[in-house]
Amino acid sequence: MNNHDIPLAKPGLKPILLSGLIVGTLDILSAIVDYYISTGKNPSGIFKYLASAILGNDAFEGGEGVIILGLVLHYVIAFSFTIFFFYLYSKMNWMRTNRVIVGVLYGIFVWVIMNRVVVPLSLTPKGPFLPWKAVKAALILICMIGLPLAFLAPRFYKSTNT
């Protein structure tokens, strides 16, 4: 039995919440930087866009409450993907074999779920599919969610053989 076949003791809620906070913050900071570089505008538009998932176009006319709602929605999504990653990590031994490949695959998975399931089912305004924007968004999710989770998760799991 190699180290990847050894059962893992669950890490508890605190490390998962910490990991979700880290990847959620990395992701939103990258969105803010990208938005500002692309538009030169105040990043409140990012949060209004996020809130538009449930408020529709009315979100773009909202104020601080809508911005806070967008931030909360962002972290709910980030924590959801973090919890799911930790769940998969505890169940799938192959996820412990190569952190980089796992991080890249999970970042792509997050992109697919967000852009092909969540956003189409939400009330956010839909724009045209632009391949270069899709690649950029996938790279951000790989670098800010997938890879960090792939390197954070092993720190919080312990072998049950120790």
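This is a predicted model: local features need pLDDT of at least 70, side-chain atom pairs count only at pLDDT 80 or more; totals for chains, interfaces and linings use all residues.
Visitor: Where does L130 lie?

Guide: L130 is found in the loop between α4 and α5.

Visitor: What makes L130 partly exposed?

Guide: Its relative accessible area is 31%. Buried means under 20% and exposed means over 50%, so a value of 31% puts L130 in the partly exposed class.

Visitor: How far is L130 from I68, in sequence and in space?

Guide: The two residues are separated by 62 positions in sequence, and their C-alpha atoms are 29 Å apart.

Visitor: Why is S19 called buried?

Guide: S19 has a relative accessible area of 1%. Leaving aside residues up to four places away in sequence, S19 touches T82, F86, L149, L152 and F156.

Visitor: What makes the meeting of D34 and K136 a salt bridge?

Guide: The side chains of D34 and K136 come to 2.9 Å, N to O. The rule asks for a side-chain nitrogen of Lys or Arg within 4 Å of a carboxyl oxygen of Asp or Glu, so the pair qualifies at 2.9 Å. Because D34 is in helix α1 and K136 in helix α5, the contact ties together parts that are 102 residues apart in sequence.

Visitor: How many salt bridges does this rule give?

Guide: The count comes to one salt bridge.

Visitor: Which residues of α4 are buried, and what covers them?

Guide: The buried residues of α4 are V102, G103, Y106, G107, V110, W111 and M114. Their cover includes α3 (64-91) and α5 (131-156). At the start of α4, the backbone nitrogen of V100 has a side-chain oxygen of N98 within 3.1 Å.

Visitor: What does a comparison of lengths give for α3?

Guide: The 28 residues of α3 should span 40 Å at 1.5 Å a residue. The end C-alpha atoms of α3 are 41 Å apart, so here too the value agrees with expectation. Among the buried residues of α3 are H74, Y75, F81, T82, F85 and F86.

Visitor: What share of the chain is buried, and what share of contacts join residues at least 24 apart?

Guide: Of the 162 residues in the chain, 35% are buried. Among contacts between residues at least 6 apart in sequence, 70% join residues at least 24 apart. The C-alpha atoms fill a box of roughly 60 × 30 × 30 Å along the principal axes. Carbon and sulfur atoms account for 69% of an accessible surface of about 9,500 Å².

Notes
Residues are numbered from 1 along each chain as its sequence is written. Side-chain values use heavy atoms; hydrogens and water are left out. Buried means under 20% relative accessible area, exposed over 50%, partly exposed in between (1.4 Å probe, protein chains only). Helices (H or I, at least four residues) and strands (E, at least two) are DSSP runs, numbered from the N terminus. Contact means heavy atoms within 4.5 Å. A polar contact is a pair of N or O atoms within 3.5 Å; within protein, one must be able to donate a hydrogen and the other to accept it, and residues adjacent in sequence count only if both atoms are side-chain atoms. Accessible areas come from the Shrake-Rupley method with a 1.4 Å probe; for residues, only the protein chains shown count as cover. The expected span of a helix is 1.5 Å times one less than its number of residues.
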